[in-house]
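Please look first at the sequence and the structure shown here. The paragraphs that follow lead through selected parts of the model in turn.

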There are 2 protein chains.
Amino acid sequence: MAGIRAAQKEKTRRALIQAAMNQLSAEHGYASLSLREVTREAGIAPTSFYRHFQNMEELGLTLVDEGGLALRQLLRQSRQQIAKGGSIVRASVTTFMEFVANNTAIFRLLLQEKSGNSKEFRLAVQREVEHFTAELADYLVAEQQFPRELAALQADAIVRIVFSAGADVLDASGAERQELLEMTIAQVRIVARGAEATRTLARSAKS
Amino acid sequence: MAGIRAAQKEKTRRALIQAAMNQLSAEHGYASLSLREVTREAGIAPTSFYRHFQNMEELGLTLVDEGGLALRQLLRQSRQQIAKGGSIVRASVTTFMEFVANNTAIFRLLLQEKSGNSKEFRLAVQREVEHFTAELADYLVAEQQFPRELAALQADAIVRIVFSAGADVLDASGAERQELLEMTIAQVRIVARGAEATRTLARSAKS
DNA sequence: TATGTCAGTGAACGCGTGTTCACGCAATTC
DNA sequence: GAATTGCGTGAACACGCGTTCACTGACATA
C-alpha cells in the first residue's frame with residue numbers, strides 16, 4: 001500500500017517526458033521524434049512506452065500542456081511584480097522574452113505545433129494562446145478601464161506581436177535579441193496608444 | 001538541337017514540384033513528405049528523382065521560393081487595389097486573407113518552415129517576410145510621411161499581426177474567417193492610430 | 001550515319017520504424 | 001503465505017524509407 005509501485009511508474013513517466021524534451025532542438029523537432037529514440041534516451045525498452053502513453057501524440061500533447069502551464073505561471077508572476085510599480089509593458093515583454101530564451105525547446109514546440117499537422121495539437125496550442133490573451137484582456141479591462149471589446153482586440157494584437165517576435169528570438173544572437181526586445185516594447189506601446197486613441201474616438205462619436 | 005530533351009526534363013521537374021504541392025495538406029506537411037511518395041504521385045521511378053534534385057531539401061527550398069514568388073504577386077495585386085481608392089487597410093488585409101484562403105498549401109508551407117527544423121528554410125522564409133515588411137515600410141514613408149524608424153516599427157507590427165491572423169484563417173470556417181478579417185482590419189487601424197499618436201508625441205517632445 | 005549523352009528504370013541493399021506477443025518478477029491484495 | 005496485478009523486457013514481424021548500381025533507349029552531336 002506504500003504506492004512504491006505508483007511512484008516508480010510516475011518516475012519513468014517523467015523520464016519519458018524529459019527524454020522527449022531533451023531531444024527537441026532547432027534541428028530536430030517533435031515531428032521527427034520517434035518512439036524508439038525517446039525510449040532509448042529514457043533508458044527503457046521501446047515496448048515499455050505503451051505502459052505510459054498510447055501514442056507519441058499523447059506524449060506530445062502532454063508536452064504542450066506542460067509548456068503552456070509554465071508560460072502562464074511565469075507571466076502571472078511577472079504581472080505581480082508590476083503591481084509594485086515600474087513599466088508594465090517593459091516588465092512583461094522582458095519576462096516573456098527571457099522565458100523564450102531559457103525554455104527554447106518548449107517554446108519551439110508550441111510554435112511549431114501551432115501550425116503543425118495535427119489538428120488536436122493545433123487546438124491545444126491555440127487554447128493556451130487564447131488563455132493567455134484572455135488574461136491580458138482581463139487586465140486591460142480591470143486596470144485600465146477599457147471596454148471589453150476594445151480590450152480583446154488590443155490583447156489579441158499584442159499577443160500576436162509578442163509571440164511572433166518570440167519566434168524570431170529563437171534564431172537571434174544576443175545583440176539581436178536585445179534589439180528585438182526594444183522593438184517589441186515599442187510596438188506594444190504603439191498598440192496601447194492606438195487603443196487609447198480608439199477609445200477616445202469612440203467616446204466623442206457617442207456624444 | 002530542338003531542345004526537346006531539355007523540355008521533357010523541365011516538364012518532369014514541374015511534375016515533381018506539383019506532386020509535392022499536392023501532397024501538402026493540413027494533416028501531411030513537408031516534413032513528413034518522402035521522396036518515394038513524391039515520385040509516386042509524379043508518376044516516375046524513385047531513382048529518377050535524383051536527376052532533378054539532389055535532396056528532398058532542395059525540392060523543399062524550391063517550394064519555398066515558389067511560395068515567396070506567390071507572396072510577391074500578392075503585393076502587386078494589393079497595390080492595384082490601393083490605386084483604385086477606398087480604404088487601403090480594408091483592401092490590403094482582405095486581399096491578403098483571400099490569398100491565404102486560396103493558397104492554403106503554400107501559405108501553410110511558409111508558415112511551418114518559418115519555425116521549422118532547417119535553418120536554411122527558416123532563413124529563406126524570413127527573407128520573404130522581410131521583403132514584405134520593407135515594402136510596407138516604404139509605403140508608409142512615401143505616402144504617409146512617417147519617419148523611417150517609426151515606419152519600420154509600424155510595418156513590422158502590422159506584418160506580424162496579419163501573418164499571425166492568416167495562420168488562424170487556415171483552420172477557420174467561413175464565418176470565423178469573416179470575423180477574423182474584421183478583427184484584423186480593426187487591429188491594423190489601431191496600430192496606425194498608435195503610430196500617428198507616437199509621431200505627434202515625438203514632435204511635441206522635440207519642440 | 002556513327003558516337004556520345006543523359007533522363008528514366010527496376011532490382012537490390014541495409015536501416016530504423018511502430019507494434020505484437022508471451023514472459024519474468026516485484027509490488028500489491030486478500 | 002498464496003494469488004493477482006501490472007511495469008518492464010527481448011525477440012520477432014512487416015513495412016517504408018533513402019540510396020547504389022548497371023542498364024536501356026531516345027535524343028543530340030558531329
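Predicted model: local features only at pLDDT ≥ 70, side-chain atom pairs only at ≥ 80, totals over all residues.

The surface near DNA strand C is made up, by class, of 6 nonpolar, 7 polar and 8 charged residues. In total, 21 residues surround DNA strand C, and the closest of them are Arg36(A), Arg5(B), Thr12(B), Arg51(B) and His52(B). Of the atoms of DNA strand C that come within 4 Å of the protein, sugar and phosphate account for 49%.

In chain A, the side chain of Arg5(A) has an N or O atom 2.8 Å from a base nitrogen of DNA strand C. The side chain of Ser34(A) places an N or O atom 2.8 Å from a phosphate oxygen of DNA strand C. From chain B, a polar side-chain atom of Thr47(B) lies 3.1 Å from a base oxygen of DNA strand C. The largest share, 4 residues, comes from α2(A).

Attention may now turn to DNA strand D. Around it there are 21 residues, of which Thr12(A), Arg51(A), His52(A), Arg5(B) and Arg36(B) come nearest. Sugar and phosphate make up 48% of the atoms of DNA strand D that come within 4 Å of the protein. Two side chains of chain A approach phosphate oxygens of DNA strand D: an N or O atom of Lys9(A) is 3.1 Å from one, and an N or O atom of His52(A) is 2.5 Å from one. A base oxygen of DNA strand D lies 3.1 Å from a polar side-chain atom of Thr47(A).

Which helix gives the largest share of the surface near DNA strand D? That helix is α2(B), with 4 residues. At least two residues each are supplied by α1 of chain A and by α1 and α2 (35-42) of chain B. The surface near DNA strand D divides into 6 nonpolar, 7 polar and 8 charged residues.

A further feature lies within chain B. Helix α5 (residues 104-114) and helix α7 (residues 148-171) of chain B have axes that come within 11 Å and cross at roughly 125 degrees. The helices α5(B) and α7(B) are therefore oblique to each other, and their crossing is left-handed. On the α5(B) side, Thr104(B), Phe107(B), Arg108(B) and Leu111(B) meet Phe163(B), Gly166(B), Ala167(B) and Leu170(B) of α7(B). The residues of this contact comprise 5 nonpolar, 2 polar and 1 charged.

Conventions
Residues numbered from 1 in each chain as written. Chains lettered and ligands numbered in written order. Heavy atoms only, no water. Axes fitted to C-alpha atoms, helices over the stretch in contact; angles between N-to-C directions. Parallel < 35°, antiparallel > 145°, perpendicular 65-115°, else oblique. Left-handed = near helix turned anticlockwise from the far one by under 90°. Contact = heavy atoms within 4.5 Å. Nonpolar A, V, L, I, M, F, W, Y, C, P; charged D, E, K, R; others polar. Near = heavy atom within 4 Å. Polar contact = N/O pair within 3.5 Å; in protein donor to acceptor, adjacent residues only side chain to side chain.
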